[in-house]
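Please look at the model below before reading on. This report goes through its chains one part at a time.

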Amino acid sequence: MQRFILQRLLQGIVLLVLVTSIVFFVGRLTGNPVDLMLPEDATEEERQDMIERLNLDGTVMEQFQVFVTDALQGDLGTSIRYRQPVTEIFFSRLPNTLAMIPPAMILAMAMAIPLGILSALRRGGWLDRISGTIAVLGIATPNFWLGIVLIYLFSVSLGWLPSGRMGGIAHYILPTITLGTFLVAGFMRLIRSSMLEALDTEFVKLARIKGLSEFVVVWKHCLRNALIPVLSLWGVFMGGLVTGAIVTETVFAWPGIGRLTYEAVIFRDFPLLQSVIIMDAILILFINLLVDILYAYVDPRIRF
Amino acid sequence: MSQQPALEVRDLHTHFFLRRGVVKAVDGVSFTLEQGEVLGIVGESGCGKSLTALSILRLIPEASARTVKGEILLNGEDLLQKDPAAMREVRGRQVAMILQDPQTSLNPVFTIGNQLHEAIARQGESSAKTVKERAIEVLRRVKLAAPEERTIQYPHQLSGGMKQRVVGAISISCAPDVLIADEPTTALDVTIQLQYLKLLKELQESSGMAMLFITHDFGVVAKICDRVAVMYAGRIVEMGPVREIFDNPAHPYTQALIGSVPKMVSTSERLSTIEGQPPSLSDLPNGCRFAERCALADDRCRSEYPKVYDISASHTASCWKATPG
Amino acid sequence: MRRLPLISLGIIFTMVLMAVFAPWLAPYSPTDQSLPNKLLPPFWEERGTVKYLLGTDIFGRDVLSRLIYGARVSLIVTGIALGVGGGIGLVLGIVSGYVGGKLDSLLMRFVDAAFAFPTILFALLLAVTMGQGMVTLTIALSLFLWAGFARVIRGEVLALKQREFVALAKVHGCSPVRIMATHILPNVLNTFMVLLTLNVGVIIVGEASLSFLGAGVPPPTPSWGLMVAEGRGKIASAWWLTLIPGIAITLVVLAFNLFGDWLRDRLDPKLRQL
């Protein structure tokens, strides 16, 4: 098991290095990185400063060295708009995003797991067809549009819920639904197909031969096995989560790192965007590692 | 008092209902399994033997298949008349089954002990301690070394042969009246196959349970079965005591099957095979289904399905060319 | 799902029509402003008029015209992105699968990395560094696709490699490039087609999302995603500005997905796990 964890950790680090390199090189692509790093009204002095600091006169490798050394010391640049170190801004906004994720995940799971299981059990039945339709609709409907429509319905027309920003429980409802539905479709399809696979296995046949009740067969034998692929595809879901968070937070003016990303784009704040991406990579790496540990624990074939 | 047979299958028909048509996988199968005897069902892949076994347990894939006709009498009661709850009572108590592939028969995420206890607990044992003791006991009966250690291990930590012994243990733990073994040695290493067959024979003899042994290998039949039924394209074409069938196979298919068992006697003997393929089960001919591949077939064979001839008191065959006596 | 999905095809056809014949179908130019006529609702509402069937936006631009031209923008961008991204994925998949070995492992590492990390972030990065524009957008959208295509095509190639006609070609002395081009490629085209149709939806939503975030099609060129973004501020008073383009996106993506499913069932059911 240790080997497995180590392997995953290594993969994550490679990913991080890859992301950082790409971000770095894209930044140097345009040939005029100074313009990217500084606000438009920067003085000549400030420009010279920047060129020196980032060693922009040196070779690409030298610049990369400076970049990495800075990064390892926690310095990823200064935001043009906020004029603060980007890491500071990132960490101040991070808790807000982290607050929204668990409710969205729980909502997504609460819908996806029962629907996925029941669709598999009653394959071809009306529930299966309806769930399938919901899944297809969920994928087709643009996330940001759904959020806006929800705001229109429940906030503007009915006035039941606030239209954005963080606050009390009422403020969580619409963003959670928006982000959650983004995830449900994918989850549900996955659970359905892995349940179908599990139902078809020889050991389920043997469980039935043993005379176990259908309840035990499904909930004990099938489900445990069906959930394992869900865990192993977690990495892909993480990516989806980040994407979903960017759009959802933008629509609901939620002060998290998703909205921060949006601001970085709108205001062309390159240092901010650059660091958000790298920090996102670290965050994803970290959470994936946690999930991998969970996965190694849950699947006995890895544990022993 | 005459003993009633442990299992009696009468005119069983199980069909697959697919988009491309109806596949008559089991098309009128009848046989009797007496108490304490081992009946083999032998035939090539696709002849319907596994499906017959699943039909007995009523575990055919519901979405596409259905038993459309017949009676399955277990200790006199027709299983096909039972509702799902009653049928579940029969499984794992009166009937048990060993599946072919030990690598996939056990659930990879639960320990051997867990899966064994599950089966034992169904027999009405109340205390966890008794269940555990019984588990160790039955693992010893299947000659699994170091049973205490095995119970806390996971399936992937055991070899194929060990896993198949565990599956065997699960089946006999309920002391079934009938044990169905569906090609239990096919997926095992050749070196272990004989050991396992011996084990099954011992278990069967010591418990007195009846066994239905499904295989494609006539050599295996010779080692373990008392009687054998030869199946082809959904029907039984010959049935009788093993000794008799070997000495005097009446149906050309049986003859070919026996002939194709490699005998390490003469080194220059060519491996004889049966030419051709069985007919498609969704498009069966009216006549004898083996006619296409049979050297003796004539027009009557091709147009009329042969009736069942009595070759001797206990030996029957469905062939126009079968000579009684 | 055996019958032809007529409704889906109808929607797709309508969109293509709109895109191709935009200059003739649209009553106005999509960028024509008419401030006195701003924020008119669709014709069936009280203040609406048949002059502007679906209403006008904050600059008095006709929503219907922008919708029609938006179809053209979406289709062009999507088509190019699919071609570029899909094409790269196809080539990489074939080469990686056929050549195998270290190259394959390396390439698949990249693919795994691409799956693990949200590509949209790179798309945003490109928009900021290279400036918002059609070229940037196309490159960004291609990024969404290459990894998925590469992985699936590679799988197909791995299976194909084992088949006899490949061995035969080798025996006849065909060079690897020739084998890949003339033997492998035609056999993966079915899969490629299915992948293309199934991914149209992904790209359309991707473009819409990027445009919504201000990293896609530059204004004043109309894009459905951009229209939703522009209408967002006025959602309370002018619901049609966001609702209508959003419905268009949903319908078109739905249609392509259903059509893609049907195509996959017809051409290659074993791709069902896609």
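## Overall form of chain B

The model is predicted. In chain B there are twelve helices and twelve strands. Taken along the principal axes, the box filled by the C-alpha atoms of chain B is roughly 65 × 50 × 50 Å.

Of the 325 residues in chain B, 43% are buried. Among contacts in chain B with a separation of 6 or more, 65% are between residues 24 or more positions apart.

## Two domains in chain B

In the contact between them, domain 1 of chain B supplies eleven residues and domain 2 of chain B supplies twelve residues. On the domain 1 side, seven of the residues are nonpolar, two are polar and two are charged.

## A sheet in chain B

One open sheet of chain B has four strands in the order β2-β1-β4-β5, paired antiparallel. The edges are taken by β2 (21–33) and β5 (77–78) of chain B; each has a single partner strand, so one side of each has no neighbour in the sheet.

Strands of a sheet are paired through hydrogen bonds of the backbone, in a parallel or an antiparallel way. In chain B, strand β1 (residues 7–18) and strand β4 (residues 65–74) run antiparallel and are joined by eight bridges. Within this pair, F16(B) is opposite A65(B) in β4(B).

## How the chains meet

Which of the two pairs of touching chains has the most contacts? The pair is chains A and C. Here 36 residues of chain C meet 43 residues of chain A. On the chain C side, at least two residues each come from α4 (101–116), α5 (119–130), α8 (176–212), α9 (224–232) and α10 (240–267). The most is given by α5(C), with ten residues. By class, the chain C side has 26 nonpolar, nine polar and one charged residues.

Chain B also touches chain A, with 24 residues of chain B in contact with 18 residues of chain A. The elements of chain B that give two or more residues to this side are α2 (84–90), β6 (95–98), α3 (102–105) and α4 (112–121). The side of chain B that touches chain A is made up of eleven nonpolar, six polar and seven charged residues. Chain B and chain C, by contrast, are joined by no contact, and their closest C-alpha atoms lie 12 Å apart.

## A hardly covered helix in chain C

How many of the eight residues of helix α7 (residues 164–171) of chain C are buried? The count is zero, and the helix is hardly covered. After α7(C) comes G173(C), which has a positive phi, near 80°.

Conventions:
Residues are numbered from 1 along each chain as its sequence is written. Chains are lettered from A and ligands numbered from 1 in the order in which they are written. This is a predicted model: local features need pLDDT of at least 70, side-chain atom pairs count only at pLDDT 80 or more; totals for chains, interfaces and linings use all residues. Two residues are in contact if their C-beta atoms, placed from the backbone, lie within 7 Å. Ala, Val, Leu, Ile, Met, Phe, Trp, Tyr, Cys and Pro count as nonpolar, Asp, Glu, Lys and Arg as charged, and the others, Gly among them, as polar. A residue is buried if 20 or more other C-beta atoms lie within 10 Å of its own, exposed if 12 or fewer, and partly exposed in between; C-beta atoms are placed from the backbone. Two strands pair if DSSP finds at least two bridges between them.
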